[in-house]
Amino acid sequence: MYIAPSPRVAVIVVAAGSGTRLRARAPKAFVAVGAESMLCHALHGIAAVSSENPLQTVIVVPPGYEDAALDDARAALPSSEDLVSVTPGGATRQESVAAGLARIAPQVEIVLVHDAARALTPPEVYARVIAAVKGGAAGVVPVVPVVDTIKRVEAGRVVAAVDRSVLSAAQTPQGFDRAVLDAAYAEASDDFTDDAALVAAAGHDVVAVEGDPMAFKITTPADLDRAHALVAPRERVSPPTSRVGIGTDVHAFGGEGSLWLAGLEWPGEQALSGHSDGDAIAHAIVDALLAAAGLGDIGTHFGTDHPEYAGAHAGVFLERTREILAEAGWRVGNVSVQVQANRPRFAARRTEAEAVLSAAVGAPVSLSATTTDGLGFAGAGEGVAAFAIAMVYLG
Ligand SMILES: Nc1ccn([C@@H]2O[C@H](COP(=O)(O)OP(=O)(O)OP(=O)(O)O)[C@@H](O)[C@H]2O)c(=O)n1
Ligand SMILES: C[C@](O)(CO)[C@H](O)COP(=O)(O)O
């Protein structure tokens with residue numbers, strides 16, 4: 001991807017975590033906070049600070065979520081889209097940061113590393129961190145005071161009180177002189193929970209700047225509820241909490257066994273071919289739902305590298321897609337799907353098909369069928385094409 005020659009500053013947004021403590025089965029950065037993903041909210045903060053000094057943004061995501069990350073970047077960073085790159089992360093946060101570092105443009109002099117999980121970090125925190133590095137600090141960490149009484153506990157026993165007046169809670173974005181961070185990562189032999197510790201272990205001074213309570217890390221379900229409550233008022237006057245998506249699919253006739261289409265078996269009709277049962281109608285609906293929720297596409301979740309879906313019928317795909325959306329905070333509003341095909345004839349079974357599809361999706365699915373008046377592959381009876389539109393909403 002072309003990187004403009006100007007940015008002296010880069011931000012690595014680490015968004016490749018699994019969200020175990022959030023009990024999210026979708027990657028945490030793609031869980032919705034209000035109407036947008038956690039990652040999208042984090043990118044809005046970067047967009048606000050990049051208006052002063054254009055910066056490169058490197059987003060580190062779970063493998064397979066690159067397109068979803070780019071969708072979020074286009075939504076949040078439209079003016080600097082050509083300064084965005086996306087790369088898969090690693091098994092630890094530190095490995096993910098290292099993967100991001102490898103994508104930083106040569107001319108960059110200052111690198112910030114930010115948790116997508118600190119989605120609501122105000123732009124002022126970025127600005128304070130950047131200013132401190134520009135002022136000569138090798139490493140900068142935004143901090144907030146510790147407000148709880150801290151105890152040292154071993155085997156369930158309180159063994160000491162800790163003087164909290166000398167403690168602070170570290171946040172992100174943490175900022176670094178690029179050469180310092182590169183060298184510290186090159187020689188790192190231990191795993192650290194933050195980059196300031198890694199840089200300090202390499203012998204560099206790290207200074208603290210004022211963080212912000214809004215830069216809290218969304219780690220547990222209670223944190224997510226707090227973030228929803230904070231975002232909801234801001235979104236009352238911003239885009240609605242519903243989104244639409246489109247999906248299409250094509251399959252050729254020539255498969256083995258019975259035809260399966262719209263979740264129904266069609267005895268006596270020639271079967272469609274494909275990794276699954278070739279049900280183009282169901283697959284178009286899956287893509288439309290995932291697109292609406294910004295959660296990738298059918299290949300992300302059901303590709304040929306998922307042998308468990310070989311030969312699977314519509315219900316398996318649609319029910320799993322419904323789960324994936326629910327795990328990210330989305331519910332299905334409705335779906336409309338149209339199939340272009342000479343065969344089978346849907347008129348007599350449309351209601352039955354809509355009932356099966358609606359039950360699997362958990363929302364109304366309307367189905368229409370048309371021919372192409374003999375045009376194209378569908379008109380020649382070589383296969384079928386399906387086109388779906390889906391509406392999803394937060395809830
Ligand atoms: N292998 C990892 C682990 C974490 N992160 C990112 O590092 C930040 C802080 O990590 P954390 O809040 O712990 O996120 P998770 O690892 O997803 O959460 P958990 O520990 O509960 O699984 C998050 O933005 C997360 O996406 C990452 O990019 N790659
Ligand atoms: C980097 C960090 O957010 C600073 O507080 C924190 O160390 C991340 O820890 P996690 O266990 O990976 O959430």
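## Ligand 1

An oxygen atom of ligand 1 lies 3.5 Å from a polar backbone atom of A15 in this predicted model, a polar contact being a pair of N or O atoms within 3.5 Å. A backbone N or O atom of S18 is 3.0 Å from an oxygen atom of ligand 1, and a polar side-chain atom of K28 is 2.9 Å from an oxygen atom of ligand 1. The protein buries 88% of the 560 Å² that ligand 1 exposes when taken alone; such areas come from the Shrake-Rupley method with a 1.4 Å probe.

Around ligand 1 there are 18 residues, of which V14, G19, T20, R21 and S96 come nearest; a residue counts as near if one of its heavy atoms lies within 4 Å. This shell divides into 6 nonpolar, 7 polar and 5 charged residues. Here Ala, Val, Leu, Ile, Met, Phe, Trp, Tyr, Cys and Pro count as nonpolar, Asp, Glu, Lys and Arg as charged, and the others, Gly among them, as polar.

## Ligand 2

The residues surrounding ligand 2 are R21, R93, D115, R118, A170, T172, T193, D194 and K217. By class, they comprise 1 nonpolar, 2 polar and 6 charged residues.

A polar side-chain atom of K217 is found 2.5 Å from an oxygen atom of ligand 2. An N or O atom in the side chain of R118 lies 2.9 Å from an oxygen atom of the ligand, and a polar backbone atom of T193 is 2.9 Å from an oxygen atom of ligand 2. Of the 360 Å² of accessible area that ligand 2 has on its own, the protein covers 76%.

## The cavity

On a 1 Å grid over the protein atoms alone, a cavity is a set of points where a 1.4 Å probe fits but cannot get out, and lining residues have an atom within 4 Å of a point. The largest cavity has a volume of about 70 Å³, a volume being the space filled by probe spheres set on the points.

Its lining consists of F30, V31, A32, E36, S37, D72, R243, A293, G294, L295 and W330, with 6 nonpolar, 2 polar and 3 charged residues. The largest cavity lies between domain 1 (9-234) and domain 2 (242-394), because both give residues to its lining; the domain bounds come from an automatic or database assignment.

## Basis of the values

Residues are numbered from 1 along each chain as its sequence is written, while chains are lettered from A and ligands numbered from 1 in the order in which they are written. In this predicted model, local features need pLDDT of at least 70, side-chain atom pairs count only at pLDDT 80 or more, and totals for chains, interfaces and linings use all residues; side-chain values use heavy atoms, with hydrogens and water left out.

Terms used. 1 Å grid on protein atoms, 1.4 Å probe; cavity = no way out; pocket = protein on both sides within 12 Å on 5 of 7 lines; lining within 4 Å. Polar contact = N/O pair within 3.5 Å; in protein donor to acceptor, adjacent residues only side chain to side chain.
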